[in-house]
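Here is a friendly briefing on aromatic pairs, charges over rings and nonpolar cores. Have a look at the model first, then read on.

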Amino acid sequence: MNKILAITFMALLLSIMIPYKSNSQIIDNEQAHSNIKWRQIDTEHYRLLFPQTFEQAAKKLATELPYLRRYSSNSLSISPRKITLILQGNHISQNGYVQLAPRKSEFYPVPSSTADNQEWLPNLALHELRHVSQFDKLTGRIRGPFFEQLALALYGLNLPAWYFEGDAVQVETLYSSGGRGRLPSWDMPLRANILSGREYSFNKYVLGSFKDNVPSHYTIGFFMNTYLTNNFGLESHQKILEDMHTKLLRPFNFRQAVKHVAGIKPNKLFSNTIEELHQKWQRELTDSSVTAIETPKSNFPSDYLLPQTNYENKLFVLKSSPQSVNEIVYLDSNTKEHHIIKTGIQITPYFHMRDDLIVWDEYRKHPRFGKQTYNIVHTYNVKTKKLRTISKKSRYYSPVLHPNENAVAVVEVDLANKSKLLLLNSDNGNIIDSIHCPTEVHIQQPKFNIEGDKIIAIAVSPQGTNLIEFNLKNHAYRYLLPWANQQLERPFYHRHQIIFKAHFDGVDNIYALGQDSLISKITTSKFGAFNPFVDANDTLFFNDYQYNGYKLAKQSLTAISKKIQVAPSPYIRKTLAQVDFSDEKKATIDSVEVKKYSSTAHLFNFHSLSISSTNFESFENYMPGLFWLSNDVLNTTQIKLGYEFDTDISKSTYSAEVAYKRYLPVFTIKYANRGLVGNAVSGNNSNEITMYDYRDHHTTMDISIPLSVYRRNTVYSYGANFGTSYTKRYNVSLPLKNFNDIIAFPLNYQLYLNKNNMRSKMDLAPRWGQNLSITYRHLPFEQDLSGQILSVRTNFYFPGIWMNHSLQLRLAAQKSSGRYEGSYDIPMVSAWGHFQSPIVHNTAMINYRLPLFYPDWSLGNLAYIKRFQGLLFSDFQNIHKSTAPKSFGLGISADFNVFRYILPDINVAAKLTYLNDNTTAQNIIPTFGLSYSY
């Protein structure tokens, strides 16, 4: 019963971490670099932490936070409690989150090359501050130093992710001049599904799919929240949370609150929203005239991005598919794909081509500090197949090749969050020229003119967006459009025009800006046209969005209309009319006081009592207990004081643990006072086993250096671990001979090196992988005890017969003596323990994993099954003596979510193992497993 309660609590906890965008990793345990000098702005309502180099940008945000805080909280009629806001200025991944346990919010404030319709950081702050208001409105009375984790769990139990994320997107849209709720590109996947007759369930829109294109829960959540406020008033959010916050243990609390406010349940709210959107978007649908370029057929959605031709008229694209990692390919006249090169992680999918040379940018991280990240530049020659990395530890975006010279233009965003336009040598990355941008302007997606003396780019500032042109000879600049909140993308010169993507009439299309400053519409895409490119024959290539991805299209470069239609009113129009949106007078930057921040002085931050010693990361060997947790807000120090009770042996354990992660090594010290049970052999009769009780003082000290890096589509993880311990046994229930009451400082060492291909969304394992781990343990300081154990573990991955299948080969061996005889540091064969095994010196395993099918089945509101997997395996033991398999069998598993919780992703597995051994009582052993990830 305890385990069931704990698993329920874990599911709640993991479901309510609050990312700004959908990311694979939600629980964030990474650290910033240890050399960062932190500063703070401490006010009545928040403490703002930031690197010293980020001071001016932080001071500017500090002048905006008072009214951003008011906008994010007023509609809930709450004044949120003080919170720590952390600006991770050395981390370039665009994201952010709010959490409790400990209470804080982290902003990743560096703007990238991803197009938007307004400034990044204020909009991010508005979104995240709304989550702070939601927390405090619903569970604000339940707080630290003991109950933050409980508050977090109750928040996740009561509020579905689609609601709290959709509400935050709505707030960022209502109280700014931009916001995702105003972007046609953001609602486009939902619009394409509805108007293409793709009818998907509520569960599918909330929990996702492997086989179909569905937008994230942010999108459907925004529209469902907007249906609420359009029809029942902006105050409906306040009414829902007020109805819930005094009834946090009421079954189906959210559903009852929604029904009380709107008279309908969430399922009906979803169907009504879809129906309204269908009617609205059907009315607004215009004729489309697009000539599609055929691409290889696929059962799964795929994108063929950024079409470009070279001097041989070969069509190159960046292919993105759930079945494989991103790669640059070219399509021949028979629509056959030819592989060029795989790319690594990119913040924005991108490449640029001139003749045989391709350039693109990739995301990188520091080997140890996950919040010290970079964006570097690669070049690749298609004919010579020579790859060059022309920048290291840089913050360069959107590299574009000069039309005539060995030069590359990039956008750099420096550590002060200021943009510059740089010209680099394409052979070695040396800086040729540098052009500073206007104050408070960030630029994106630059392109040269044909002469190479001008660059056109997107400008983003507090005024909105614009097109900006730089003269490279005298560094002058000029704006080409009125400031607005258009999501401009991929501008480039063509003859006397500038071609670019915008959404003037409510749908993303390709436009041309002429010398007369008049704008002409070129394409009429049904759902959206993107990434324009014009070849030498004046043929326009672009991406035309369909329900199954970004497809390829082309047409002649002829203006369809010079009259821009008025964009239809957004779906949120009725809610916008209810908003009192007035700018407040901002404080001046000079009035903001900045002080030093000492992370050492804030190491102790006790916030929660927990029933899990592993913070719900694992439930293997779970024991019920109670732990008091402390985490500093910079993720450098964790302290746990706890009590556990082992129900199997009826013994208790008291413990204290400190982990310190600020520097390159991670230091962990743990003390435990443990109750244990042992076995003793009678001196007169070796078959007579006697059990005895005892307690011990057990202190462990560990040092680890965990490192990992990305290199294009390969991940390297490597490191070393060192540990020792001291044990003092006492209160032995029986008088024993040869009983060692002290075990002093046994040593253990581990080295590991892993090289694995990045996995696609549908891969069950890396296509290629090599993994090696070596462990050695011994007792150099003991006089009465001796022994050692050396183990080697390897793991290899190979491609299977078809896409996303995986063949795994595992080999492991060990040699042990003395006290370690009979201890195993290597994985054992399946069903080990069901037969009489000799001493094991080595094991081997071969398995084949394959996806079976992707049903997207809803079992009511209980579970949603995305995928079934199959498994074939064979295990070997002591292969130096016998090559016959010791066991083999098959298995099946299912990936699913429960109760519409976005996380955790759960896998339940069943396996039948046949034991090839005469000593077993039964040859067929069924086993079942439950695992989860987040």
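**Nonpolar cores and aromatic rings**

Beyond its neighbours within four places in sequence, Leu61 makes contact with Leu48, Leu68, Leu87, Phe107, Leu121 and Ala125. Please keep in mind that this is a predicted model.

**Nonpolar cores**

- Leu61 belongs to the largest nonpolar core, which has 89 residues. Leu61 is also among the residues with the most contacts inside that core, together with Leu48, Leu87, Leu159, Leu190 and Ile240.
- Helix H3 (residues 120–139) supplies the largest share of this core, with nine residues.
- Another core, of 25 residues, lies apart from it and includes Tyr363, Ala409, Cys437 and Tyr710.
- In soluble globular proteins, nonpolar side chains tend to be buried together.

**Aromatic pairs**

- The count of aromatic pairs comes to 44.
- Tyr71 and Tyr175 are stacked, because their ring centres are 5.2 Å apart and their planes meet at 15°, under the 30 degrees that counts as stacked.
- Tyr71 sits in helix H2 (residues 55–73) and Tyr175 in the loop between helix H5 (161–174) and helix H6 (184–195), so this pair ties together parts 104 residues apart in sequence. Both Tyr71 and Tyr175 are buried.
- Phe222 and Phe223 have ring centres 5.0 Å apart and planes at 70°, so they are edge-to-face. Phe222 and Phe223 are both buried.
- One aromatic cluster is formed by Trp162, Tyr163, Tyr200, Phe202, Tyr205, Phe254 and Phe270.

**Charges over rings**

- Arg867 lies over the face of Phe210, 4.2 Å from the ring centre.
- Lys911 lies over the face of Phe873, 4.8 Å from the ring centre.

Definitions and conventions: Residues are numbered from 1 along each chain as its sequence is written. This is a predicted model: local features need pLDDT of at least 70, side-chain atom pairs count only at pLDDT 80 or more; totals for chains, interfaces and linings use all residues. Side-chain values use heavy atoms; hydrogens and water are left out. Rings of Phe, Tyr and Trp (its six-membered ring) pair if their centres lie within 6.5 Å; planes under 30 degrees apart count as stacked, over 60 as edge-to-face and the rest as tilted. Helices (H or I, at least four residues) and strands (E, at least two) are DSSP runs, numbered from the N terminus. Buried means under 20% relative accessible area, exposed over 50%, partly exposed in between (1.4 Å probe, protein chains only). A charge sits over a ring if NZ of Lys or CZ of Arg is within 6 Å of the ring centre and within 35 degrees of the ring normal. A nonpolar core is a set of buried Ala, Val, Leu, Ile, Met, Phe, Trp, Tyr and Cys residues joined through side-chain atoms within 4.5 Å. Contact means heavy atoms within 4.5 Å.
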